[in-house]
Amino acid sequence: MSETSKFLLADSQIPTAWVNVLPSLPEPLAPPLNPQTHAPLGPEDLAAIFPMELIEQEFSPQRLIDIPGEVMDIYRLWRATPLFRARRLEKALDTPAHIYYKYEGTSPAGSHKPNTAVAQAYYNKRAGIRRLATETGAGQWGSALSLACRMFGLECTVYMVRISYDQKPYRRMMMHAWGAEVFPSPSDQTNSGRAVLAESPDSPGSLGIAISEAVEDAATHPDTNYALGSVLNHVMLHQTVIGQEAKLQMAMAGEDPEVVIGCFGGGSNFGGLALPYVLDRLAGKGPRILAVEPSACPSLTKGTFAYDYGDTAKLTPLIKMYTLGHDFVPPGIHAGGLRYHGASPLLSHLLGLGHIEAKAYPQTPVFEAALQFARTEGILPAPESSHAIRAAVDEALAAREEGRSKVILFCLSGHGHFDLGAYENYLSGKLLDYEYPGRDISLALASN
Ligand SMILES: Cc1ncc(COP(=O)(O)O)c(C=O)c1O
């Protein structure tokens, strides 16, 4: 075994097609439902806010979907991303496990989010759209879409969850630098925002509320579409470049993962890394696949698998997913990108079928692992990504207890350079842990 710790691909090895898992599923996904009639949704129902080429991808029966040349040109600015073996972390843990991580923080926006932002901006531009509206939790998705819109000459409006808007002013400025306009959500720009403000003027906001605002903005302006940074099938599809590259890089390392890990907000970095491995599982052999979420917002581990809205104001289609209820406002943890009440319907389905496992952690042990990682591997990870680090460390410690080797692969979805306020809180002992308050999810679902 060489001492190599960095596995790099040439530009010619960047994937040229996205991998679609939908045609390989043993049972089809439950269809999304029209929010008014509750009838299964047709492509035309989505046409008010999405371009047709993305709608087709949402339901596509094709196994591989070619990545357009203009998208490839932009991917080549930072892809392929590196795969590292965390030798220094392994040593610190004194574990026989081999820990690998796929680092998506080398993109201009600092996370995996541009993989889909660039594709979405491209298809919207082709459809003649002038402006995109979106929400952002951590600020990573808003930054990614601001960047992508700039690359294709589109305007961009971002509704940024209030608590992140306050916690992360420099994320906001990054979006401004790329030319986007940014409103704290709930905002006074939309009916949905004004309704929340009337009830709770100090609302910290949530992704569910910010999605309502962005969808309303898009639906009420004919030249504007909506872009979602996670959850939907076409987003998972675009992110499969991560797992395809990781497979080539693991082959360079001469190892196969026994477990593949990703943090889970709506599911896009996790799905991006895991879905190419899910195909192996569906074909009869593949690794364990583990999604990691915050205990304060545990949709996969404490949620209900049911039809629910993707947003607070019930403007989106009803989708069958693991959910805590569309009106759930999670506590203001620092992993803002993981504060979402629902989950990707595709990944929910795979969890239901037993191909995926899920685990939840409070934020203090997550930051403890983040610092151990920063102090050994050097990279200061995003709080979201640090959930995956925590789980990878625990898998490695379990291997030490069992006295056996184990190959672990996780997605380091982004860097934490705009999350220093969170690190400051942790280092000064001010970080609070919130358990999921528990609530009657059935009530929130009954209000459908
Ligand atoms: C760095 C990072 N990782 C993960 C996530 C969670 O999103 P997803 O579950 O779609 O990957 C976010 C969301 O903003 C993020 O910024």
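Mentor: First, a definition: helices (H or I, at least four residues) and strands (E, at least two) are DSSP runs, numbered from the N terminus. This is a predicted model: local features need pLDDT of at least 70, side-chain atom pairs count only at pLDDT 80 or more, and totals for chains, interfaces and linings use all residues. Residues are numbered from 1 along each chain as its sequence is written.

Trainee: Fine. How many helices and strands in the chain?

Mentor: The chain has 18 helices and 15 strands.

Trainee: And the overall dimensions of the C-alpha box?

Mentor: Roughly 60 × 50 × 45 Å along the principal axes. The radius of gyration, taken over C-alpha atoms, is judged by a globule rule: 2.2 Å times the number of residues to the power 0.38. For 448 residues a compact globule would come near 22 Å, and the chain has 20 Å, which agrees.

Trainee: What share of the residues is buried?

Mentor: Buried residues are 58% of the 448. A residue is buried if 20 or more other C-beta atoms lie within 10 Å of its own, exposed if 12 or fewer, and partly exposed in between; C-beta atoms are placed from the backbone.

Trainee: Which residues have the most contacts inside the largest nonpolar core?

Mentor: Val118, Ile261, Ala392, Ile408 and Phe410, in a core of 135 residues. Helix 11 (residues 233-253) gives the largest share of this core, eight residues. By nonpolar core I mean a set of buried Ala, Val, Leu, Ile, Met, Phe, Trp, Tyr and Cys residues joined through C-beta atoms within 7 Å. In soluble globular proteins, nonpolar side chains tend to be buried together.

Trainee: What does Ile261 touch?

Mentor: Leaving out residues up to four places away in sequence, Ile261 touches Leu290, Val292, Ala388, Ala391, Ala392, Ile408 and Phe410. Two residues are in contact if their C-beta atoms, placed from the backbone, lie within 7 Å.

Trainee: Back to helix 11. Where is its kink centred?

Mentor: On glutamine 239, with a kink of about 35 degrees. The bend at a residue is the angle between axes fitted to the seven residues ending there and the seven starting there. Just after helix 11, glycine 254 has a positive phi of about 75 degrees.

Trainee: New topic. Which residues come nearest the ligand?

Mentor: Gln140, Ser230, Gly265, Gly337 and Gly414, out of 21 residues around the ligand. A residue counts as near if its C-beta atom, placed from the backbone, lies within 6 Å of the molecule or strand in question.

Trainee: Which helix gives the most to that shell?

Mentor: Helix 12, with three residues. Helix 6 (140-152), helix 12 (268-282) and helix 16 (383-402) each supply at least two.

Trainee: Where does glycine 139 lie?

Mentor: In the loop between strand 6 (131-136) and helix 6. Glycine 139 is buried, with 32 other C-beta atoms within 10 Å. Its contacts, not counting residues up to four places away in sequence, include Met160, Arg172 and Phe418. Glycine 139 and glycine 336 are 197 residues apart in sequence, yet 8.2 Å apart in space, C-alpha to C-alpha.

Trainee: And helix 14, mostly covered or exposed?

Mentor: Mostly covered: seven of the eight residues in helix 14 (residues 345-352) are buried. Those buried residues pack against helix 11, helix 12 and strand 12 (304-309), among others.

Trainee: What about the phi of histidine 38?

Mentor: Positive, about 65 degrees, although histidine 38 is not a glycine. Most residues other than glycine have a negative phi, and most peptide bonds are trans. Histidine 38 counts as exposed, with 12 C-beta neighbours inside 10 Å.

Trainee: And lysine 314? Where is its place?

Mentor: In the loop between strand 12 and strand 13. Phi of lysine 314 is also positive, near 60 degrees. Lysine 314 is partly exposed, with 18 other C-beta atoms within 10 Å.
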